[in-house]
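Please consult the sequence and the model shown below while reading.

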Amino acid sequence: MREDLRELVGSYLERLAEGVVSPGEAADWALRVMEQESAEAVDSKIWRALDQLAGADLLESPGKYLHGREDFACWWAEFEGDFRC
């Protein structure tokens, strides 16, 4: 299950960065996973990425997202081990 979860998280980060899934869809999925899992039972790297995904649809102001595709690309790169962002 944990390896599957890692793959799913990576897939959501990738698709969010590419604009294939919406911030709302990614956030809803991550929140559902976080409700079923616990931070203690999941690798900290996966949990951090889930937390980021859960906040993908946060608004800075009405109609304006706090995070954008550049942020999402950095989240994905960081998850994959690239810390240049």
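## Basis and overall fold

Helices (H or I, at least four residues) and strands (E, at least two) are DSSP runs, numbered from the N terminus. The model is a predicted one, in which local features need pLDDT of at least 70 and side-chain atom pairs count only at pLDDT 80 or more, while totals for chains, interfaces and linings use all residues. Residues are numbered from 1 along each chain as its sequence is written, and side-chain values use heavy atoms, with hydrogens and water left out.

The chain contains four helices and two strands, and from the N terminus on these elements follow the order α-α-α-β-β-α. The radius of gyration, taken over C-alpha atoms, is 12 Å; this agrees with the value near 12 Å that a compact globule of 85 residues would have, where the globule rule is 2.2 Å times the number of residues to the power 0.38. Along the principal axes, the C-alpha trace spans about 35 × 30 × 20 Å.

Contact here means heavy atoms within 4.5 Å. Among contacts between residues at least 6 apart in sequence, 62% join residues at least 24 apart. The accessible surface of the chain, computed by the Shrake-Rupley method with a 1.4 Å probe and, for residues, with only the protein chains shown as cover, is about 5200 Å², of which carbon and sulfur atoms supply 49%.

## Burial and the nonpolar core

A residue is called buried under 20% relative accessible area, exposed over 50%, and partly exposed in between (1.4 Å probe, protein chains only). By this criterion, 36% of the 85 residues of the chain are buried. In soluble globular proteins, nonpolar side chains tend to be buried together.

A nonpolar core is a set of buried Ala, Val, Leu, Ile, Met, Phe, Trp, Tyr and Cys residues joined through side-chain atoms within 4.5 Å. The largest such core has 23 residues, and the members that touch the most others are Val9, Leu16, Trp29, Leu50 and Leu53. H1, H2, helix H3 (44-54) and helix H4 (69-79) each contribute at least two residues to this core. Within H4, the buried residues are Phe72, Trp75, Ala77 and Phe79.

## Aromatic and charged side chains

Rings of Phe, Tyr and Trp (its six-membered ring) pair if their centres lie within 6.5 Å; planes under 30 degrees apart count as stacked, over 60 as edge-to-face and the rest as tilted. Two aromatic pairs are present in the structure. One of them is the stacked pair of Tyr12 and Trp29, with 4.1 Å centre to centre and 10° between the planes. Because Tyr12 lies in helix H1 (residues 2-17) and Trp29 in helix H2 (residues 23-36), this pair ties together parts that are 17 residues apart in sequence. Tyr12 and Trp29 are both buried.

A charge sits over a ring if NZ of Lys or CZ of Arg is within 6 Å of the ring centre and within 35 degrees of the ring normal. Arg15 lies over the face of Tyr12, at 4.5 Å from the ring centre. Lys45 is placed over the face of Phe79, at 5.5 Å from the ring centre.

## Selected residues in helix H3 and beyond

Ile46 lies in helix H3 and is buried, with 7% relative accessibility. Gln52 is also found in helix H3; its relative accessibility is 12%, so Gln52 counts as buried. Beyond neighbours within four places in sequence, Gln52 is in contact with Trp75 and Glu78.

Asp57 occupies the loop between H3 and strand E1 (59-61) and is partly exposed, at 28% relative accessible area. Not counting residues up to four places away in sequence, Asp57 touches Pro23, Gly24, Ala27 and Tyr65.

Just after H4, Gly81 takes a positive phi of about 100°. Cys85 lies in the segment after H4 and counts as exposed, at 62% relative accessibility.
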